[in-house]
Amino acid sequence: MEEKDMKKVLAIVLALAMVLGLAACGGSSSSSTGTGTTAQSAVVKIGVYEPQSGDNGAGGKQEILGMQYANSVQPTVTIGGTEYTVELVYADNESSNDKAVSAASQLIGAGCAVVLGSYGSGVSIAASDTFAEAGIPVIGVTCTNPQVTEGNDHYFRICFLDPFQGTVMANFAKENFGAKTAYCLGQLGNDYDQGLINYFKQAAEGLGMTVVTESFPEGNSDFTSYLTNAKNAGAEVIFAPCSTSYAQLIIEQAATQGVAMPLLAGDTWDSNVILAAAKGKDLDIEVSTFYQEGANESFESGFKAWINADSTNLANNGGDDTLAAVSVMGYDAYFTALAAMQKAGSVAAADILAALPSTTYTGITGEIKFDSIGDAERDSAVIKKVDTANGVWEFVAVQGI
């Protein structure tokens, strides 16, 4: 063979080698159903629609930790004989209703098959239509406002609701403190705060209590006048179900003013941020929540070891390994999503959506199943208080209505 012919053959061989090499290097492709479709790997994407900044950023990060730990425990799911790697895709809604749609759109564009979140009912409500239009099912973790699931068939959740939580805390105030007057304080325009206060007020007035309500504007830092108003109203309890960023200020200023009445709140106050703010202060702080640390020691030991093994995880948990109930709920939400996929026998969003109403899962926080609206069937809440001497949570009771 002549030299020029040899060169032509060599060129053809090299070209073929390059084509084959490029094909071998290709990663998995993602379709609108959230699945990886190449023979090399199969991926299903779960969207994490949570605040990582803003007023609820601390709580959002703790909720995400539960999902991340669950993903580390079970990073794959087998559907129809195919093993899928589960990829968590994140979008920060910034605790802002104005940012909700763009964050939801990021997850839709990424090809997520199902979405988890959000910490904060307002951002959940604000993004709901966006997820609905894309046909993406969403599993709420701790978004407790009834409007999250009302009037739609794509939003589900694993937590109790504010009508229940508000009634629980009103009963608790009456039964444990003999309260005749309650003072309620929340952020103006915040769906979680105002919704929970409304349900507390309805239940409290039904018990014969007088309820005084006030709202503070976004960005407020001085709660002195509000606490004074509570004293002047003769309130025996203060119910302030706001974000932890405001709760810290309320705690600091209540201690400075020598507020003797109990500070009551909902699940947002179940955070080591609250423990740190309350430590060493002469205050009575009691909250309703989803889980009490110590209820499942084998689970907790693994979770804490995972948190302590990574400095980012530790920072996102507020600097220590105290387990917030929202983290445990995030863990259960992840496995509920996997259970829905297995029930569907598919990782297509439409199939998961169709399977969710009949999906059940027994998690760390109890049995999870949905009613006709898509809400979890739960009939009790954990009440716990801050041991201010040691900066830890103390179990009080399991309370129903």
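**Entry 1: Ala-355**

I looked up Ala-355 and found it buried, with a relative accessible area of 7%; buried means under 20% relative accessible area, exposed over 50% and partly exposed in between, with a 1.4 Å probe and protein chains only. The model is a predicted one, in which local features need pLDDT of at least 70 and side-chain atom pairs count only at pLDDT 80 or more, while totals for chains, interfaces and linings use all residues. Residues are numbered from 1 along each chain as its sequence is written, and side-chain values use heavy atoms, with hydrogens and water left out.

I placed Ala-355 in helix α13 (residues 349–355). Helices (H or I, at least four residues) and strands (E, at least two) are DSSP runs, numbered from the N terminus. Leaving aside neighbours within four places in sequence, I found Ala-355 in contact with Ala-340, Lys-343 and Ala-344, where contact means heavy atoms within 4.5 Å. I also noted that the C-alpha atoms of Ala-355 and Val-326 are separated by 25 Å, the two residues being 29 residues apart along the chain.

**Entry 2: Asn-220**

I then turned to Asn-220, in the loop between β8 (210–216) and α7 (224–232). Asn-220 counts as buried, at 16% relative accessibility. Its contacts, leaving aside neighbours within four places in sequence, are Tyr-226, Tyr-246 and Leu-249.

**Entry 3: the chain as a whole**

I counted 13 helices and 15 strands in the chain. Along the principal axes, the C-alpha atoms fill a box of roughly 105 × 40 × 40 Å. Of the 401 residues, 53% count as buried. I recorded that residues 24 or more positions apart account for 68% of the contacts with a separation of 6 or more.

**Entry 4: the six-stranded sheet**

I traced an open sheet of six strands in the order β2-β3-β1-β4-β5-β6, with mixed pairing. The edge strands, each pairing on one side only, are β2 (76–79) and β6 (155–157). From one strand to the next the twist averages 30°. For angles, axes are lines fitted to C-alpha atoms, for helices over the stretch in contact, and the values run from 0 to 180 degrees between N-to-C directions.

I went through the pairings in turn; two strands pair if DSSP finds at least two bridges between them. Strands β2 and β3 run antiparallel and are joined by four bridges, with Ile-79 opposite Thr-82 in β3. The hairpin of β2 and β3 has two residues between the strands, and Gly-80 there takes a positive phi near 55°. Strands β1 and β3 pair in the parallel sense over eight bridges, with Ile-46 opposite Leu-88 in β3. Strand β1 (residues 43–50) also runs parallel to β4 (residues 114–116), through three bridges. Gly-47 has Val-115 as its bridge partner in β4.

I noted two helices packed on this sheet. Helix α3 (residues 97–109) touches β1, β3 (82–92) and β4, and its direction makes about 160° with that of β3. Helix α4 (residues 121–134) touches β1, β4, β5 (138–140) and β6, and its direction makes about 140° with that of β1.

**Entry 5: helix α4**

I checked the length of α4 against expectation: at 1.5 Å a residue its 14 residues should span 20 Å, and its end C-alpha atoms are 20 Å apart, which agrees. The expected span is 1.5 Å times one less than the number of residues. I found a bend of about 40° at Ala-127, the bend being the angle between axes fitted to the seven residues ending there and the seven starting there.

Ala-127 is also one of the buried residues of α4, which include Val-123, Ser-128 and Phe-131. The buried residues of α4 pack against β1, α3, β4, β5, β6 and α6 (191–206). After α4 comes Gly-135, whose phi is positive, near 70°.

**Entry 6: nonpolar cores**

I looked last at the nonpolar cores, each a set of buried Ala, Val, Leu, Ile, Met, Phe, Trp, Tyr and Cys residues joined through side-chain atoms within 4.5 Å. The largest has 68 residues, of which Ile-46, Phe-200, Tyr-334 and Met-341 touch the most other members. Its largest share, eleven residues, comes from helix α12 (residues 325–344). A second, separate core of 30 residues includes Val-259, Leu-263, Trp-269 and Ala-277.

I listed the contacts of Ile-46, not counting residues up to four places away in sequence; among them are Val-86, Leu-88, Val-114, Tyr-334 and Met-341.
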